[in-house]
Structure formats: C-alpha cells, structure tokens
Amino acid sequence: MRISPAVAAWAAAVRKNTALVVLACAMFLSACWAFAPGNEPRLIVVDSSADRGNGTLRHAIESANASSQRSLIDIRLAPSDPIKPLTELPAIEASGLAIHGHGAWLEGGACGRSRGRRGCDGLVIKGPSVRVEQLNARGFMFDGIAVIGASASGVVLSGCHCRDN
C-alpha cells in the first residue's frame, strides 16, 4: 500500500512532536523530584577561616561526607579572608555535593600532610556529581583543586581559579 506524501509528513510530525512532549514531561518530572519536599540539599555554612571547628570548611566537608543527604556548602567569607588549612582537607566523597565559594580563596602556604611531610593538595574531589562554583586556590605545593578517581564522574568546576600551585 502506498502512502501519500501528505500522510507521511503528518505521521513524521506526530512522531517528532511526541518525542518533544515525552522529553518535556521527563524534564518536568525531574524538576518536580529535585524540588520536592525532602529533596532540597542540607545547607552547611562556612563562616570561619580557621583550620578546625564549627563553621570551617574542614567541618563542612566532614559533615557532608558523613551524611546520606545531598549537601550545599555555602562559604560566606570575604575573598580577603582566605581559608588556610594547616593539614590536608578531607577529600570530598559525598555524592551530589555543591559548594558555593562566592570568590573565597583557599591558601596552602602552611599546609602539611601526615607525619610532618611538607605540602598538600587544596580541595580533592573523589565523589560523583560534585559541583564547585567560584572557589579559588593558591599556594599549594600540589594541586589547588584536584578531581581524582573513577568515581569522580559528573564533577563541574565553574568560575574557579587556581594559581601558584
């Protein structure tokens, strides 16, 4: 049986629009899930440039790694108040973690590793789907921001700057 060109064009348009409708529905459902009650990330505020204690980046990373809930680390420090870790920060292993740096700096001049070895990395990301925005690193002996390992897939660095590492 032969199909007229008009019917074939109509069928192609229906197939194309059906795919677009299915895609739009999938995107809508995904957005609904992401913003559904209970799915919003747990907010962890960094408001201290100290090496250890509540409100520090070290404490925030440890808290995010220990939680099964997605977390958002919000660094609320002026760029003129750098975070200067004395020892290597824990690696980020939490899935779906977001860090909003707001232009803050990690500074590694005094950072050392275990057993008194000199130098360290700044921020090490080993977990999947991590997003780091506007966080800067300088003065580390090794990497300012490092993405390491096969499990660190889907990592996004946006507006981050590393220098003198």
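A disulfide here is a pair of cysteine sulfur atoms within 2.5 Å. In general it is a covalent bond between the sulfur atoms of two cysteines.

**Entry 1: ground rules.** I am working on a predicted model, in which local features need pLDDT of at least 70 and side-chain atom pairs count only at pLDDT 80 or more, while totals for chains, interfaces and linings use all residues. Residues are numbered from 1 along each chain as its sequence is written, and side-chain values use heavy atoms, with hydrogens and water left out.

**Entry 2: the disulfide.** I looked up how many disulfides the rule gives, and the count is one. Cys-111 is joined to Cys-120, with 1.7 Å from S to S. I noted 120° about the S-S bond, so the link of Cys-111 and Cys-120 is right-handed. I then checked burial (buried is under 20% relative accessible area, exposed over 50%, partly exposed in between, with a 1.4 Å probe and protein chains only). Cys-111 is buried at 4%, and Cys-120 is buried at 1%.

**Entry 3: the other cysteines.** I found Cys-160 in no disulfide. Its nearest cysteine sulfur belongs to Cys-162, 7.0 Å away, which is too far for a bond. Cys-162 is partly exposed, with a relative accessible area of 44%.

**Entry 4: helix α2.** I took helices (H or I, at least four residues) and strands (E, at least two) as DSSP runs, numbered from the N terminus. Which residues of α2 (57–66) are buried? I listed Leu-57, Arg-58, Ala-60, Ile-61, Ser-63 and Ala-64. With contact meaning heavy atoms within 4.5 Å, these buried residues pack against β1 (42–46), β2 (71–75), β3 (98–107) and β4 (123–125).
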